[in-house]
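Subject: Structure for you to look at

Dear colleague,

Please keep it open beside the text as you read.

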Amino acid sequence: MNYKIKFLVLLGLLLSFSCEDYLDKAPESDLDQEDVFSTFENTQGFVEEMYALVVDYGTSAHTFQDYIYGDDAYGNRTWKASYQIDFGNLQNLNNHNYSYLTPWKRNGYGSSQNNTSNSNAARRPGVWDGSMRGIRNANQVIANIDLMVDATQEERDVILGQAYFFRAFFHNEIMKFWGRFPYIDRVLVTQEDYSLPRPSTYKESALSADEDYVRAIELLPTNWDTQSYGQATLGENGGRLTKGVAHAFRGKNLLLAASPLMHGNNVSINTYQYDTELCDMAVDAFAEVLKLADQGHYALATWENYDEVFWKTPVANMWPGGSEFIFSATGGNQVQAQRFMTAGVDRDIHGRSGSEIVSPTHNFIHNNFGMSNGLSIQDDISGLYGETLYDPTDPFANRDPRFYRWIVADRDVFGTTATIPMRHRNAQLFTGGEHRSNGSDNQPSTTGYMHKKFYPIGDDGEFHSKWNNIIGQYIGKRLHMRLTDVYLMYAEALHASKGSTAIPSSYSLSAEGVINTLRARAGVPNVNPSIVNDNSKFMDELRRERSVELSFEAHRWVDIRRWGLAHLDKYKRKTSFEFPQDWSSFSEETLIERVCEFPKHYWIPFEESQTQIYEGFDQNPGW
């Protein structure tokens with residue numbers, strides 16, 4: 001069938017942000033498929049749109065950065081997606097215009113603005129629509145590869161490699177939130193083509209995706225800059241797909257499929273029970289990324305340059321990520337990026353209109369950010385592992401260094417320069433304090449904490465503020481994949497399969513070794529040997545380490561669901577920390593008891609119309 005294809009020739013995947021379009025582009029045009037797929041340049045132009053369909057979670061939620069959907073943050077706007085998720089209203093996401101999970105953007109952000117060339121990520125497709133379009137685009141490339149008559153074999157290979165990767169990746173994006181999904185491996189044309197029943201298990205879909213990741217690994221380069229086809233965009237290829245990217249996402253797909261929720265297949269959950277066969281496959285995939293790191297393609301950020309991963313780029317308006325960068329959504333609107341960067345701090349400090357605070361919950365901070373001795377607060381106060389450091393009369397003392405790096409607590413210094421009003425020089429997060437929710441609309445903290453992981457702070461320790469305006473020099477961004485995440489997933493899969501101290505045949509590092517390596521970067525002692533020797537306890541500790549290292553990077557909601565924990569009381573309560581200005585007493589107050597039943601609230605329901613297209617596409621349980 002000779003159909004017309006509308007496409008954009010996108011020239012170069014620029015690793016930059018500006019107030020202009022995030023990609024240079026030629027005028028939109030209608031071309032025959034023979035023209036689209038005749039040359040490498042034309043076909044790559046068609047492929048480029050798939051990069052733009054990757055959703056940037058941090059800036060894809062209207063102008064208000066509501067992207068943290070787990071137990072880790074609280075917002076007081078009842079119309080926000082996170083608030084609706086807290087109340088168990090997952091079906092409302094189908095009509096929610098302000099969430100990256102929205103299947104189709106409607107109303108003010110409707111189809112007329114639902115395009116990949118918009119510099120504002122909130123006006124690009126959401127996860128559902130973008131993934132479905134990405135799958136179709138990938139299948140069109142694969143189906144028409146033989147039309148690339150004016151291309152070298154290397155050019156044909158990299159086109160196919162990108163298409164196979166994106167076909168798997170976009171299926172994974174849907175599967176993370178909606179669960180089991182038919183694997184669409186051809187261009188759907190007729191009504192009969194659309195009659196694809198849901199597979200009986202999550203694993204079935206994941207193994208289909210795995211086949212595509214393996215194909216992609218075979219065809220993609222290690223570095224675009226060393227390839228002849230990469231010379232036209234030399235120096236601007238850092239965001240393109242490579243073997244390393246494909247290995248990393250292959251491992252993630254396998255680990256998610258091996259996780260307790262997916263392994264239990266919605267029937268039951270044992271949080272320590274994984275599919276060990278899939279875990280072994282995941283370990284081998286992650287090992288390939290770690291080998292590339294050993295060869296110099298990636299490297300863990302040091303403690304001194306860790307901010308480069310999140311916001312402190314050496315060149316203005318360039319992507320962050322530093323040596324840990326593996327993959328991200330494309331660049332976008334600088335204004336939106338700044339709203340994302342300031343989402344953890346009171347608007348009265350940063351002065352950026354349109355930004356609203358997302359406050360870390362006390363339960364998340366207390367349960368995960370532990371003590372300087374490497375223990376969780378719970379283990380520290382138990383007295384089972386040595387001297388106790390936690391002081392309930394001074395709860396912010398002797399904490400893990402990452403607490404001080406990424407969390408703003410009461411009395412922390414924002415700035416000392418004379419231009420800063422006295423009331424804003426120190427964080428006043430005590431109950432009723434200047435930077436605490438007090439009925440006003442200045443967007444203060446609702447919990448007694450702020451977070452500064454993506455927030456610009458000068459070398460002199462001065463925060464960006466209305467009186468110290470440095471934010472324009474930097475671009476903060478949430479990455480889809482970075483090296484620390486790979487290390488943590490490698491450790492989880494390895495421990496679930498073989499234990500904390502085992503060394504696999506594919507790489508010379510144990511799960512214990514991984515956690516201690518990450519802790520050493522922050523100056524935190526090794527995991528206590530008694531914890532290492534207890535399989536369940538070490539898995540808890542490994543998950544706590546993941547929660548700290550990847551805090552506020554939009555992994556948490558997926559993690560507590562796949563671990564089968566989201567319905568437990570510990571993960572349903574969102575709490576604030578209440579205390580007077582003189583710190584004479586401290587108490588925890590419940591802000592909301594999240595509605596989460598197993599298995600109903602573990603998966604977003606499909607739109608009703610989706611399940612009525614044909615028999616065999618069943619709705620998620622409980623809906």
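Y213 touches F165, A168, F169, N172, A246, F249, R250 and N253, leaving aside residues up to four places away in sequence, where contact means heavy atoms within 4.5 Å. Y213 is found in helix α6, helices (H or I, at least four residues) and strands (E, at least two) being DSSP runs numbered from the N terminus. With a relative accessibility of 0%, Y213 counts as buried; buried means under 20% relative accessible area, exposed over 50% and partly exposed in between, with a 1.4 Å probe and protein chains only. The C-alpha atoms of Y213 and V245 are separated by 9.7 Å, although these two residues lie 32 residues apart along the chain.

Before going further, please note that this is a predicted model, in which local features need pLDDT of at least 70 and side-chain atom pairs count only at pLDDT 80 or more, while totals for chains, interfaces and linings use all residues. Residues are numbered from 1 along each chain as its sequence is written, and side-chain values use heavy atoms, with hydrogens and water left out.

Now to the helix packing. Helix α6 (residues 202-219) packs against helix α9 (residues 276-294) at an angle of about 25°, with the axes 13 Å apart; axes are lines fitted to C-alpha atoms, for helices over the stretch in contact, and angles run from 0 to 180 degrees between N-to-C directions. The two helices, α6 and α9, are therefore roughly parallel to each other, given that angles under 35 degrees count as roughly parallel, over 145 as roughly antiparallel, 65 to 115 as roughly perpendicular and the rest as oblique. K203, L207 and D210 of α6 make this contact with E277, L278 and M281 of α9, and by class it has three nonpolar, no polar and three charged residues. Here Ala, Val, Leu, Ile, Met, Phe, Trp, Tyr, Cys and Pro count as nonpolar, Asp, Glu, Lys and Arg as charged, and the others, Gly among them, as polar.

Helix α7 (residues 243-258) also packs with α9, at an angle of about 155° and with the axes 8 Å apart, so α7 and α9 are roughly antiparallel to each other. The residues of the contact of α7 with α9 divide into 13 nonpolar, three polar and three charged. Helix α4 (residues 127-143) and α5 cross at roughly 155°, their axes coming within 8 Å, and they are therefore roughly antiparallel to each other. In the contact of α4 with α5 there are 15 nonpolar, five polar and two charged residues.

The largest nonpolar core has 152 residues, and those with the most contacts inside it are F165, F166, F177, I326, F327 and Y490; a nonpolar core is a set of buried Ala, Val, Leu, Ile, Met, Phe, Trp, Tyr and Cys residues joined through side-chain atoms within 4.5 Å. Helix α5 (residues 153-178) gives the most to this core, with 14 residues. Apart from this core lies another, of eleven residues, among them V408, F414, L429 and I457.

Lastly, T446 sits in the loop between β6 (407-408) and β7 (450-451), and T446 is buried, with a relative accessible area of 11%. Not counting residues up to four places away in sequence, T446 touches Y74, N76, S359, R436, S437, S576 and L591.

With best wishes
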